[in-house]
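Here is a briefing for a reader who is meeting this structure for the first time. It goes through strand pairing, the surface and the overall build in turn.

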Amino acid sequence: MDTKEITTIDGYPYIKYAHVHYEPEQMISKSAQFHDWMDTRRSVREFSDKSVPREVIENIIMSASTAPSGAHKQPWTFCVVSNAEMKTKIRKAAEKEEYESYNSRMSDTWLKDLEPLGTDWNKPFLETAPYLIIMFKKAFDFGEKGEKRNNYYVNESIGIAAGMLITAIHDAGLVTLTHTPSPMNFLAKLLDRPTNERPFLLLPVGYEANEVFVPDLERKSLEEIAVFYD
């Protein structure tokens, strides 16, 4: 039953906002626990092919879609690929671009920075992971008569949604990797996306392989990333 308290302001429907508040000690404890939990998140490149319930994928996408967006335009499409044949096509096209990047496009400095992460142009996870989620940003929308309708702060909006998607994946007990083959236009062609959509990010989603080792990363300290003006 819908129990929302709805009112009208300037001709538009509004609902009364209700939020849970905590005492300062609880806030400190909860925020510290959340950070400790998020600090266990890692990008994983070795996946199991163990199946994941589709409902889980649906739920994490819906969680990501709660992200704020410019003028509430929600300028995103989440394409979910589980078909083995399509995953193979995506891997082949992605590796073609990645090979070019690693062998001619990337600078020596860039390649040196990547060395500790152990990455290369081979992307087997694109076939192994049970799901690939490809996020497309919608530069504009089409109206009922085919006219263009502007979207606003598109990159900022989908960037926030991507962060929330990664968090939702972690919360579900799954792993992912932010994969951005450049250029990415092959994804729009393979998935037959409309002209107003541009590929933004590809995330393989699933369980990690039986035994996985990830780089022992050291994240920057609070002092290195934040400035407080008291």
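Strand β1, covering residues 6-9, and strand β2, covering residues 12-15, run antiparallel and are joined by four bridges; two strands are said to pair if DSSP finds at least two bridges between them. Helices (H or I, at least four residues) and strands (E, at least two) are DSSP runs, numbered from the N terminus. This is a predicted model, in which local features need pLDDT of at least 70 and side-chain atom pairs count only at pLDDT 80 or more, while totals for chains, interfaces and linings use all residues. Residues are numbered from 1 along each chain as its sequence is written, and side-chain values use heavy atoms, with hydrogens and water left out.

**The β1-β2 hairpin**
- Within this pairing, T7 stands opposite Y14 of β2.
- Two residues lie between the strands of the hairpin, and D10 there takes a positive phi near 55°.

**Strand β8 and its partners**
- Strand β8, made of residues 197-206, is mostly covered, with eight of its ten residues buried, where buried means under 20% relative accessible area, exposed means over 50%, and partly exposed lies in between (1.4 Å probe, protein chains only).
- Strand β4, residues 131-138, runs antiparallel to β8 and is joined to β8 by eight bridges, and K137 has R198 in β8 as its bridge partner.
- Strand β7, residues 175-176, also runs antiparallel to β8, with two bridges joining them, and here V175 stands opposite G206 of β8.

**Helix α1 and F34**
- F34 belongs to helix α1, which takes in residues 24-38, and F34 counts as partly exposed because its relative accessibility is 47%.
- Between F34 and R193 there are 37 Å in space, C-alpha to C-alpha, and the two are 159 residues apart in sequence.

**A charged surface patch**
- D216, E218, E223 and E224 form a negative surface patch; patches are made of residues with over 30% relative accessible area and no salt bridge, with like charges joined within 9 Å and nonpolar side chains (Val, Leu, Ile, Met, Phe, Trp, Tyr) within 5 Å.
- A salt bridge, in turn, is a side-chain nitrogen of Lys or Arg within 4 Å of a carboxyl oxygen of Asp or Glu.
- D216 lies in the loop between β8 and α8 (222-225), and D216 counts as exposed because its relative accessibility is 78%.

**The protein as a whole**
- The secondary structure comes to eight helices and eight strands, and 34% of the 230 residues count as buried.
- The C-alpha trace spans about 60 × 55 × 40 Å along its principal axes.

Technical notes
Accessible areas come from the Shrake-Rupley method with a 1.4 Å probe; for residues, only the protein chains shown count as cover. Lys and Arg count as positive and Asp and Glu as negative; His and the chain ends are not counted. The place of a charge is taken as NZ of Lys, CZ of Arg, CG of Asp or CD of Glu.
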